Amino acid sequence: MKEPFDLEPKNTVIDNHFIKINVYLCNVVSKFEKNMKKIVSLFLLNAALALNSTAADWQMVGLSSKVTGVQPMTGLVLWPEEAKKLYSTYGDAHALEYSYLAPCKVVKNGEVDGPIEYDWTYLEKILDDVKSRNHQAVLRFFYEYPGVPMVDGDSGTTAVPAYIKAQKNYSELFVDVKEDGPTYYADWSNKELKRFTKQFYTDFSKRYGKDPRIAFLEVGFGHWSEYHIYNEDGVDLQLGKNFPSKDYQKEFFQHLSEVMEIPWAISIDAADDEYTSFATDKALRKLSFGLFDDSFMHKGHELGSDDGYNEECWNTMGENRWKTGVCGGEISYYSSSDQKNFTSEKGMYGHTWDEQSDKYHITFMIANDNPSKNKYNNVGRFKECSMATGYHFVVTSCKTDGTQTKIVVKNDGVAPLYKDAYFAIGSIRSGESLRGLLPKESVEVTIDAALECDGNGNALVKPVIESDYILDTQTIEYDCDIATTGAEVVKQSAEGGEQQRYTVLGKKVSDDYRGIVVTNGKKVIER
């Protein structure tokens, strides 16, 4: 029998090889661990340095500001004649004035399918007059104004330019309208009238689209451009003859949405499908326009009241339209007391002005007959009601790092701002506009400029809100009450031992650093 195979010598050799391999691998792993620790340490160090170089230098800034007046492009509205008469008392209680405009008064001549010659003197005088009282204008062009000599010495003359009226194929209808009086109606079968109307608004926008004297534009057709034209009043409504066809209206409003730079609104009565297609045409309702209500807060305004027609129209035209389109109108004349009584803190017909302004997100409202001697119709209350409309900015945070400033602003009003405005430090504006900031929402804006502070961390010069769409005599204000707290004020001292000093976010700083620092476990302000 053979002896078993003896592996002992070979096992010793193999074990020695394994030991060597194991020692080698341990050395490799040890070196790898050391290198990884170095890599991780370098990564963490670089991350910390990056954080310290960006976030560690941000310091909260003490800032105080107060909204004291009616804000530009908001509030109750008077007609120029009333605004002028009451200027010494009501001048600061409103920021807007309203005016009707006749297109024929700015058109000198024109050619069919050709150029139109303008003379804007008539409009310039109106705008300069409104501006002289530190107010902006809400404008509305019209063709029909029943019963009043708004164009010439005759009541109800249309504001259609003379060169169009002179055409042989142009013929106006006349009706002595029940309650409204003598009225001539533009001939909407005339091709030049339709071409002119589109071209007129194009030319108007090119000239006045960025004019800070103009806040808003109201647009429409029919009596006073309010879509008021009723058969029961003796008017024989004929689409395409004494009122534009639905097809042309769609063409016009689509054109207007492309060319008009001024925020514009149409009457809530455009919800009536007898006159227009807004109620049934989603494409029309998708256009960015606002609404005006010419009988706001009358007795039957709300659903559940006498008829609720107005609220129904608001809903039909889009309950969220206010988010992109300015909303306003005129206080009702249904009752002779409506204009006077709506400012009562008790309200009228079960609703208060503050409640209705909030519900319909009102930015402006004509209230020409409100000023009176009634106890609640005084300047102070008129101003309060003006300030219950539109936007209201509140700054909730302000910080700077020596090169940039970041501001968090909230809209505490009832509607957004419909034109661009920016926070600014010196000549540098924020990259973000406040336009479109909805009520109760906030946005952070960044200004590429430092905000200088005193030794207590308070801003030496407050940031301002700038807009190219307000008068140079107007100011957009904001509320703010931010105080720097939790730090002691100390004077620099040469005495005492050397101490480690850090910013509030942990970055080590030298003895020359000034501002809020942490030293000996305490926050102090080094001057």
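Before that, a caveat: the model is predicted, so local features need pLDDT of at least 70 and side-chain atom pairs count only at pLDDT 80 or more, while totals for chains, interfaces and linings use all residues. Residues are numbered from 1 along each chain as its sequence is written, and side-chain values use heavy atoms, with hydrogens and water left out.

Okay, cavities. By that I mean sets of points on a 1 Å grid over the protein atoms alone where a 1.4 Å probe fits but cannot get out; lining residues have an atom within 4 Å of a point. Volumes are the space filled by probe spheres set on those points, joined across faces, edges and corners. There are two cavities of 30 Å³ or more.

Helix α6 (residues 191-208) gives the largest share, three residues; helices here are DSSP runs of H or I, at least four residues, and strands are E runs of at least two, numbered from the N terminus.

Now the serine. S295 sits in strand β12 (residues 290-296). Is S295 buried or exposed? Buried, at a relative accessible area of 5%, where buried means under 20%, exposed over 50% and partly exposed in between, with a 1.4 Å probe and protein chains only.

Notes. 1 Å grid on protein atoms, 1.4 Å probe; cavity = no way out; pocket = protein on both sides within 12 Å on 5 of 7 lines; lining within 4 Å.
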